[in-house]
Amino acid sequence: RPGRDAQVSKALALRLDYSLPRAMLLRSISTFAHAAMDYSFDGDWGNDLFWGVNGPYDFFEDIHRRRRNFTQELRLSGGADEARWVAGAYALRMDERYDFLDLYNGDVYRQLDSDYRALTLAAYAQAERSLGGGLSVSTGLRAERRAAHYRDSNALRSAPVNSMVGGHLALTWQLREGYSAYALLTRGYKAGGINPTAEDIPESLRGFDPEFVWNLEAGLATRSADGRFDSRSSLFYMRRYHQQVSSSLQVDPQNPLTFVLLTDNAARGENFGVESQLGFRPVPSLRLGASIGLLKARFLEYRLENRDLAGRDAPHAPGYQLGLSAEWRSRTGWFARVEGQAVDGFYFSASHDERAPAYRLVNLRLGYEHQRWQATLYARNLFDEHYAVRGFFFANEPPDWIPKRYIQNGDPRQMGVRVSFRF
C-alpha cells in the first residue's frame, strides 16, 4: 500500500501602488492562497508475504490537510538616495484543517480531526541613511502579535497568544573602489504552535513556545578592478532562546504505532561560523568558483526524555560544506558547468544519537544557446552517490520490536534534457 503524496494549490496576489506628494509611495499587497494536501503511506513497509510468520501486520496512515491563507499589507515609503525609509502594517489570517486516520490490520487504530486558526498582526519601520565618507546606517523594528485557536476531536483546546519584537542595526562601509564591509546586529523570532497528535504525550510537549535569536555578523566583499576576481566572506554568532527543535517520541517502546513527530523547545542554543565565496576568471570565457562554510551549532541547555543534551550538536547542522565549480561559455553559444559539493556528517534528530555520514555530490550541465532558445543536457548526482537526508530510530519490526536505524536517502542520479524558448 504505497500511498500517495499530492497537493493542489491555488493562489492570487494583487499589488496596488499610489504615488503621493514629496516622492512618497503607498503600496497595498493582498494575497490569497488555498492548498489541499493528501499524504498517505504504508507504515509497516511490507506486506503479509514479506512479514511471513510475523503477520498479518498491516499499518496504514492517511493524512489530509486543507490550508487557507489571506494576507494584507500596507506599506508607505519615501526619501531620497541619501536617506530612505519605509513603514507599514501586515495582517495574516490562516485556517487549517488537519485530519489523519491510522488503520491497523484493517481496523481503525487512531483518528484525529483538528482545526487550527491564527491571526497575525504586525507593524514595522525601517530607515537607511548615508553618513558620508562611504559609511551608511540602516535600522529597523518589527512588532508582531499572533493569536491562535486549536481544537480537535480528542477535546483538546488551546489558545496561545505570542507577542514578539525583532529588529536590526546595520553599518555598511564602502572602503574604496571594489571593497565594502558591513556589520550588523539583528534580533529575530519565530512564533510558537501546537503539536497535533492523538497519542497521550506529556503535557509539556503539547505545544511549543516562540523562539528568539540574537545574531551578530560582519563581512567583507571585494572585486578587482578588471572584474577577474571577487570574494565574499562573513563571520557570525547567533544566540538562540527557546530554540525550536524537530524531534520525535515513541510513547510505547513496544508499539511502533505510537511513534509521533513533534516540535520541542530547547532552553538555549548557539550557532557560530564562517562563510566564504571566491570567484576567478583566468580567461573571459571561464569562471572558477569555490565556497566554504564552517558551522558549530549546539545546544547550551536542553533536556529531552531524561537525556541531557547540553553541548551536543544540533540536528541537521553539518560542521563543514565545501563547493567547487567551473563554468565555461563560448562566444558561439556552447556552455558547460561542473560543480562538486562535500558535506560533513550531522545528527538526524535530538531524540536519538544516529548520524548521517559525510557525502560528496557532482552535478554537470552541457548545452547550447542561440538567440531565443536553449538546450541543456544535465546530470544531477552524476556518480549516483547514496547519501542520507533523514534518519529515524525506533521499533517497527515484529516480533521483537527492537529499535533500529532507518534512513531516507537523497535523490539518486538524474539525467535529462531541457529545452526552452523565449518569445
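This is a predicted model: local features need pLDDT of at least 70, side-chain atom pairs count only at pLDDT 80 or more; totals for chains, interfaces and linings use all residues.
A charge sits over a ring if NZ of Lys or CZ of Arg is within 6 Å of the ring centre and within 35 degrees of the ring normal. The charged end of Arg176 is over the Tyr179 ring, 4.0 Å from the centre. For another case, select Arg1 and Phe60: Arg1 lies over the face of Phe60, with 4.0 Å to the ring centre.

**Aromatic rings**

Now colour Phe, Tyr and Trp. The structure holds 16 aromatic pairs. Pick out Trp334 and Tyr368, a tilted pair with centres 4.9 Å apart and 55° between the planes. Trp334 belongs to strand E19 (residues 334–343) and Tyr368 to strand E22 (residues 359–370), so this pair ties together parts that lie 34 residues apart in sequence.

Next, select Tyr359 and Tyr387. Their ring centres are 4.6 Å apart and their planes meet at 25°, so the pair counts as stacked. Tyr359 is in strand E22, while Tyr387 is in the loop between strand E23 (373–380) and strand E24 (388–394), so parts 28 residues apart in sequence are tied together. Tyr359 counts as buried at 12% relative accessibility, and Tyr387 counts as buried at 12% too.

One more selection shows a group of rings: Phe50, Trp51, Tyr57, Tyr104, Tyr109 and Trp401 are linked into a cluster by ring pairs.

In soluble globular proteins, nonpolar side chains tend to be buried together. To look at the largest nonpolar core here, select its 11 residues: Ile63, Met94, Tyr98, Phe100, Leu112, Tyr116, Ala118, Ala148, Tyr150, Leu156 and Ile194. Strands E4 (83–104), E5 (107–132) and E6 (135–152) each supply at least two of the residues in this core. Then centre the view on Ile194. Beyond its neighbours within four places in sequence, Ile194 is in contact with Tyr116, Tyr150, Ser158, Pro160, Arg206, Gly207 and Phe208. There is also a second, separate core of 10 residues, including Val245, Ala266, Phe299 and Ala314.

**A buried asparagine**

Move on to Asn215, in strand E12 (residues 211–223). Asn215 counts as buried, with a relative accessibility of 12%. What does the side chain of Asn215 make a polar contact with? The partner is the side chain of Glu217, at 3.4 Å. Setting aside neighbours within four places in sequence, Asn215 is in contact with Leu184, Leu185, Thr186, Phe236, Tyr237 and Met238.

**Backbone stops**

Switch to a backbone view and select Gly55 and Pro56. The peptide bond joining them is cis, with omega about 0°. Pro56 is in the loop between helix H1 (48–51) and strand E3 (59–80). A cis bond also runs from Pro398 to Pro399, with omega near 5°; Pro399 is in the loop between E24 and strand E25 (404–409).

Ala155 is not a glycine, yet its phi is positive, at about 70°. Look for Ala155 in the loop between E6 and strand E7 (157–158), where it is exposed, with a relative accessible area of 59%. His316 also has a positive phi, near 50°, in a residue other than glycine. His316 lies in the loop between strand E17 (307–308) and strand E18 (320–329) and is partly exposed, at 39% relative accessibility.

Definitions and conventions. Residues are numbered from 1 along each chain as its sequence is written. Side-chain values use heavy atoms; hydrogens and water are left out. Helices (H or I, at least four residues) and strands (E, at least two) are DSSP runs, numbered from the N terminus. Buried means under 20% relative accessible area, exposed over 50%, partly exposed in between (1.4 Å probe, protein chains only). A polar contact is a pair of N or O atoms within 3.5 Å; within protein, one must be able to donate a hydrogen and the other to accept it, and residues adjacent in sequence count only if both atoms are side-chain atoms. Contact means heavy atoms within 4.5 Å. Rings of Phe, Tyr and Trp (its six-membered ring) pair if their centres lie within 6.5 Å; planes under 30 degrees apart count as stacked, over 60 as edge-to-face and the rest as tilted. A nonpolar core is a set of buried Ala, Val, Leu, Ile, Met, Phe, Trp, Tyr and Cys residues joined through side-chain atoms within 4.5 Å.
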